[in-house]
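Keep the 3D view open as you read.

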Amino acid sequence: MGSTRGALVVVGSGPGIGSHVARTFSSHGFTRIILLSRDPSRLEEDAKFIRSETPSADISTLAIDLSKTSEIASALAQVDKALNDTPIEVVLFNAARVGPSTLVSWPMEELELDLRIKVTGCYAVAQWAIPKLLAVKNTHKPAFLCTSGSIYKDPIPEVFSLSVCKAGQHNLVHSIHKKYKEEGVYCGLVVVGGVVGDDRPQCNAENIANKTWALYEERSDLEVEILDG
Ligand SMILES: NC(=O)c1ccc[n+]([C@@H]2O[C@H](COP(=O)([O-])OP(=O)(O)OC[C@H]3O[C@@H](n4cnc5c(N)ncnc54)[C@H](OP(=O)(O)O)[C@@H]3O)[C@@H](O)[C@H]2O)c1
């Protein structure tokens with residue numbers, strides 16, 4: 001492995017898990033960071049949060065709306081442009097629309113929108129990222145990580161739309177894990193088993209970020225599950 005880290009790309013950064021994972025990775029030498037969400041001006045707050053840990057961090061904030069499938073490729077091309085020659089070492093897919101969905105009055109269009117963000121969006125980012133990660137397997141520790149939830153296997157009817165998406169997303173990342181683990185790209189899932197909050201003993205964003213780092217470092221299991229009592 002080379003002595004210089006490549007870039008970390010967080011697709012769907014926010015004040016919770018996204019920025020905490022980026023901050024934790026920055027403390028381990030990932031100082032080139034790209035943060036993406038729909039609102040790049042709000043992402044400046046995430047960048048500030050990361051710099052509070054790692055003042056030298058070189059952070060770019062870019063816009064992406066994963067619900068607009070046809071625009072994803074051009075948004076990711078902006079990442080390539082911003083990175084110039086810096087290789088991508090880690091991608092975290094973290095974007096989600098979290099909220100209730102009522103059976104069976106939830107409109108089909110809303111289910112489709114959720115699927116576009118979390119399943120099609122995850123696949124689009126993997127299509128873009130995996131060849132780049134494979135290209136650095138001999139010099140870096142490439143990984144494709146995805147934030148998941150225990151609802152992928154134990155759905156909650158009141159958030160059925162999110163549960164359906166998490167099941168599809170988990171299955172997709174599991175396939176990617178199976179295909180690429182022997183080829184040198186680690187793919188893993190951070191499975192959060194409860195509502196994220198500062199007061200949660202395990203499901204707080206800082207602990208989740210530390211578990212994400214451990215998963216990345218160990219790069220053996222498909223997933224780590226984080227549960228409160
Ligand atoms: N929060 C929980 O209680 C909880 C529990 C279990 C699992 N999870 C999982 O954890 C991950 C999210 O972590 P978090 O809840 O702490 O959130 P977070 O990291 O604070 O932020 C996630 C970001 O995703 C972005 N996003 C939403 N829709 C998007 C879209 N269409 N295109 C691009 N970006 C989009 C949002 O930014 P914009 O709105 O600015 O686009 C948001 O800031 C998700 O995978 C979620 O399923 C969360």
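**Around the ligand**

A nitrogen atom of the ligand lies 3.1 Å from an N or O atom in the side chain of Asp65. That makes a polar contact (a pair of N or O atoms within 3.5 Å). Before going on, know that this is a predicted model, where local features need pLDDT of at least 70, side-chain atom pairs count only at pLDDT 80 or more, and totals for chains, interfaces and linings use all residues. Residues are numbered from 1 along each chain as its sequence is written, and side-chain values use heavy atoms, with hydrogens and water left out.

In total, 26 residues surround the ligand, and the closest include Gly16, Gly18 and Arg38; a residue counts here if one of its heavy atoms lies within 4 Å. By class, this shell holds 10 nonpolar, 11 polar and five charged residues. Gly is counted as polar, by the way.

So where does the ligand sit? It's in the largest pocket, as more than half of its atoms lie within 2 Å of the pocket's grid points. A pocket is an open set of points on a 1 Å grid over the protein atoms alone, where a 1.4 Å probe fits, with protein on both sides within 12 Å along at least five of seven lines; lining residues have an atom within 4 Å of a point.

The largest pocket has a volume of about 1100 Å³. Of its 38 lining residues, those closest to the centre include Asn94, Ala95 and Arg97. β5 gives the most to this lining, with three residues; strands like this one are DSSP runs of E, at least two residues long, while helices are H or I runs of at least four.

Finally, two backbone details. A cis peptide bond joins Leu103 and Val104, with omega about -10°, and Val104 is in the loop between β4 and α4. Asn84 has a positive phi, near 55°, though not a glycine.

Definitions and conventions. Polar contact = N/O pair within 3.5 Å; in protein donor to acceptor, adjacent residues only side chain to side chain. Points joined across faces, edges and corners; volume = space filled by probe spheres on them.
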